[in-house]
Amino acid sequence: MDCSLVRTLVHRYCAGEENWVDSRTIYVGHREPPPGAEAYIPQRHPDNRIVSSKYTFWNFIPKNLFEQFRRIANFYFLIIFLVQLIIDTPTSPVTSGLPLFFVITVTAIKQGYEDWLRHKADNAMNQCPVHFIQHGKLVRKQSRKLRVGDIVMVKEDETFPCDLIFLSSSRGDGTCHVTTASLDGESSHKTHYAVQDTKGFHTEEDIDSLHATIECEQPQPDLYKFVGRINVYNDRNDPVVRPLGSENLLLRGATLKNTEKIFGVAIYTGMETKMALNYQSKSQKRSAVEKSMNVFLIVYLCILISKALINTVLKYVWQSKPFRDEPWYNQKTESERQRNLFLRAFTDFLAFMVLFNYIIPVSMYVTVEMQKFLGSYFITWDEEMFDEDTGEGPLVNTSDLNEELGQVEYIFTDKTGTLTENNMEFKECCIEGHVYVPHAVCNGQVLPSTSGIDMIDSSPGAGTREREELFFRALCLCHTIQVKDDDDVDGPRKSPDSGKSCVYISSSPDEVALVEGVQRLGFTYLRLKDNYMEILNRENDVERFELLEILSFDSVRRRMSVIVKSATGEIYLFCKGADSSVFPRVIEGKVEQIRARVERNAVEGLRTLCVAYKRLVPEEYEGVCALLQAAKVALQDRERKLAEAYEQVEKDLILLGATAVEDRLQEKAADTIEALQKAGIKVWVLTGDKMETAAATCYACKLFRRNTQLLELTTKKIEEQSLHDVLFELSKTVLRHSGGLTRDNFSGLSADMQDYGLIIDGAALSLIMKPREDGSCGNYRELFLEICRNCSAVLCCRMAPLQKAQIVKLIKLSKEHPITLAIGDGANDVSMILEAHVGIGVIGKEGRQAARNSDYAVPKFKHLKKMLLVHGHFYYIRISELVQYFFYKNVCFIFPQFLYQFFCGFSQQTLYDTAYLTLYNISFTSLPILLYSLMEQHVSIDTLRRDPSLYRDIAKNALLRWRVFIYWTFLGVFDALVFFFGAYFMFENTTVTSNGQIFGNWTFGTLVFTVMVFTVTLKLALDTHYWTWINHFVIWGSLLFYVVFSLLWGGIVWPFLNYQRMYYVFIQMLSSGPAWLLIILLITVSLLPDVLKKVLCRQLWPSATERVQTKNQCFSVEQSTIFMLSQTSSSLSF
């Protein structure tokens, strides 16, 4: 059984929820329902304590150790350490235990400190004071003591202590303004509405007399979804039932604004609040480098086992000859002779495993973690990626994917707010075929006009005049804008020409632009008061409409509607939405004329909306009201029932006209896309906009070029031909001309190759993804992918949020398994951001849900260029060298130990001293590679920004391919052979010191170790292109530290050591002239092949990066020569 299921069942049983259902009943103020109403079933809920910490004082050590030893590398070294403790092994347990202890301790301290900070934050939150109503009085207590059902009072600028149902406020209309910046980052004010039957309760005594129960769904993490209903009991037994939705829910963590106080009842507390449920981390993403590293570890583990097996077999072969198993000076005891052969062989195998286990670098994991964590600050500190307009800089939500930024092959970007500014400006409206442009500009002068400029017919008739005013009223009424008479509201939009200080607040910039635009045409939206919407018409008369119903906008319907009642008693339904969702529901109006205008505006890149209406007779409205009310109070499948109700209500409409709003392209968006394409990255635009609007934006941002041949895979095309025929026709077209594009030319920039761009809409994608009658859908998908691979750019329009994620997943799981990146700014982009290998959120005007759910966040789309082409490039270069270098230096370290067994009778005698075994990876060679992986710049930042094509040199994990890995491994083997046999041939001549003493085996091992430390450190120095004083200090300081440590370790009698086999060994070795000569010679011979290889490759087969490096070096030499000549000529003339 699934463990999570067991935990859930145990939790429910322990919480008294044996009969757990999908809804809960809450008794407001803990008052039981009146007799005969419903059964009183007391329920147990958690208190309001928030626990974000992972550990307690008692479970920290066992829990932390358990989590750390779940990592394969840590568990492997633990097994090795235990083997060293249990059996007689050639090396001390300290050699494995100390590095493991160091890694575990450092990680535990880091995690413990982070958890201590979480405990502090939890305590501060749980102990903050809260006001609640008890027996008609205001009582103060700690937040953690709140219970479900308590009635809470919250004052202005205070944070809601738990999830509350909004009962009443100090405002007469029963509304309050809230900011949710701590939840989703949105700083704009949101309006919430009190329950209709409780909004008149303004005092503690009134609210305490409330008799009600609330039925709602069980806690779930969606911040924007809530389903419930409230039963208010009056004097009679039959309760008044009102629906509850997200507009009635005040979330923990949100802040009350511009409202003196509110009363609310707690429905979710503590860890059941939506904020707490969103604490859970997103699914873990793993980079391509991490996957390669794990594969390399498996290879080296196989090498380790092979070495141990070979040595075990050879040991028994060698001992099979007489007297070798039992030399005269080391006779076995009787018990040793009778010991089982297989047991002895297994023990020897484990001993060899321990001897060679250092080939698996445990410290590599710590170094990689530190490199990623510290390296991520370079993005945060980048001043060029700071946006002064918004005061925002880049954010790093996870450092695990830094190097993945250098491997991106596909970018999926949203359009609105990502490529464009999401700063809407009302351009025109078309009513009954007549076009109105507010404040037309003529010769640079603004021409104010209250009636607008009719660009088609300057004398509309009386009927048109009536439709015109109805259109303007529809725009003034069909929205969710709030008006504030205060200029200090966060994120205000002030009415420009009315002379009034109206401040429009809305979560949608489109709505504000439309209301401001129609204001310039003579109709001003004033306010919503007591459920009446007030507008000021052209004659400066105030018109009042009673707001009866709001049919909210959603991304599936792509429209919204309001039902209002005029002062004369007429009931109207006004609807606005995308043309694709409005035109099919229209039965009257000048559809063709308006459609033509909409298409023309879309081609120019304007965002268009259509406006329609219908009159409702009272009987019809009653039916609509009953239908909507039944859907609203439903606890099960409320969204589906509401969608079905909206579908029935929003039909048989009369088309009034359309609007056009401009969303300007972001600064340098076109340059960014052009640079990304030159880098060999394919850019796809995924948007919900109509095709013509999105295509115009794609041309403007240079995604499509004038010579790009557009291929359409749209619903219109499929209606003319079958999907099968359209796909095969497109496939023939692109394959005939392209012949299969590779990564080097698929950016569409090649002059001698036809450039293709594909346009697909959401409906066509659904058909491609839909399984065929025979149960398969692979053929269509593969054909579609083949077409996409051969197009330089793809535009996906009319996309629902889940379809965006489907597209990303389709490409991600294709046979090439390319690295994908998704970037967007809105809540509708979150699904594709989470699906892609790397998700980037734009900190835009549609809130911060995208930034909050992303791996990285940037203020503007233009910053993506530097993030990928510079930071991503550097991150990948650095960590690739780190991984390969770690394996290389450990091969150099352990292969001489393997060779040494052939000269010591496979006795498991160690070549190096215990201190050297322990400190090699911890101290002697760790800091130089860590600093290299943080600071290396193989080419300058300006060069990477100027030449995006260099990004292709590192594409497809180029520096961690098998060819490169094998080269580094063989280089390590070669160097190890040089170290060992170079020292061996020297010792073979019975080298003596000046006093006649012969070098022993510890001197031999120390000589090999010294050559090795200097060689691997100097190898890194040769690979370093970007030198600073820190590099010099760390590299030469590491070598100096090794020498000083060796002198102290062997030059002093340490009292805590039982025996000191290294005493005077290092000093004696340095006193020999041949040893000095040999060290220098062996270091030179070891480094020579790598130097020759680099020189030859640069001369014969240079990469683009190497050509740029050579060019820059030549330029630097030329500049130095010119400077010297100028200095010389100046001195001569003097």
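This is a predicted model: local features need pLDDT of at least 70, side-chain atom pairs count only at pLDDT 80 or more; totals for chains, interfaces and linings use all residues.

Me: OK. How many helices and strands does the protein have?

Reply: There are 37 helices and 36 strands.

Me: And how much of the protein is buried?

Reply: Buried residues come to 53% of the 1134 residues.

Me: What share of the contacts with a separation of 6 or more comes from residues 24 or more positions apart?

Reply: That share is 73%.

Me: Let's zoom in on strand β29. Where is it, and is it mostly covered or mostly open?

Reply: β29 spans residues 653–665 and is mostly covered, with ten of its 13 residues buried.

Me: Which way does β28 run against β29, parallel or antiparallel?

Reply: Antiparallel: β28, residues 607–616, pairs with β29 over seven bridges.

Me: What about β27 and β29, parallel or antiparallel?

Reply: Those two run parallel, and two bridges join β27 (residues 586–588) to β29. Glutamate 588 has isoleucine 654 of β29 as its bridge partner.

Me: Switching topic: where does lysine 190 sit?

Reply: Lysine 190 is in strand β7, which covers residues 186–193.

Me: Buried or exposed?

Reply: Lysine 190 counts as buried because its relative accessible area is 18%, and the cut-off for buried is under 20%.

Me: How far is lysine 190 from glutamate 247?

Reply: In sequence they are 57 residues apart, and in space their C-alpha atoms are 9.1 Å apart.

Me: Last topic, helices α30 and α34. At what angle do they pack?

Reply: About 160 degrees, with the axes 9 Å apart. Here α30 is residues 926–935 and α34 is residues 1029–1051. Angles over 145 degrees count as roughly antiparallel, so that is how α30 and α34 lie to each other.

Me: Is the crossing left-handed or right-handed?

Reply: The crossing of α30 and α34 is left-handed.

Me: Which residues make the contact?

Reply: From α30 you have Leu927, Pro928, Leu931 and Met935. On the α34 side they are Ile1030, Asn1031, Val1034, Ile1035 and Ser1038.

Me: And how do the residues of that contact divide into nonpolar, polar and charged?

Reply: Seven are nonpolar, two are polar and none is charged.

Definitions and conventions. Residues are numbered from 1 along each chain as its sequence is written. Side-chain values use heavy atoms; hydrogens and water are left out. Axes are lines fitted to C-alpha atoms, for helices over the stretch in contact, and angles run from 0 to 180 degrees between N-to-C directions. Helices (H or I, at least four residues) and strands (E, at least two) are DSSP runs, numbered from the N terminus. Angles under 35 degrees count as roughly parallel, over 145 as roughly antiparallel, 65 to 115 as roughly perpendicular and the rest as oblique. A crossing is left-handed if the near helix is turned anticlockwise from the far one by less than a right angle, and right-handed if clockwise. Contact means heavy atoms within 4.5 Å. Ala, Val, Leu, Ile, Met, Phe, Trp, Tyr, Cys and Pro count as nonpolar, Asp, Glu, Lys and Arg as charged, and the others, Gly among them, as polar. Buried means under 20% relative accessible area, exposed over 50%, partly exposed in between (1.4 Å probe, protein chains only). Two strands pair if DSSP finds at least two bridges between them.
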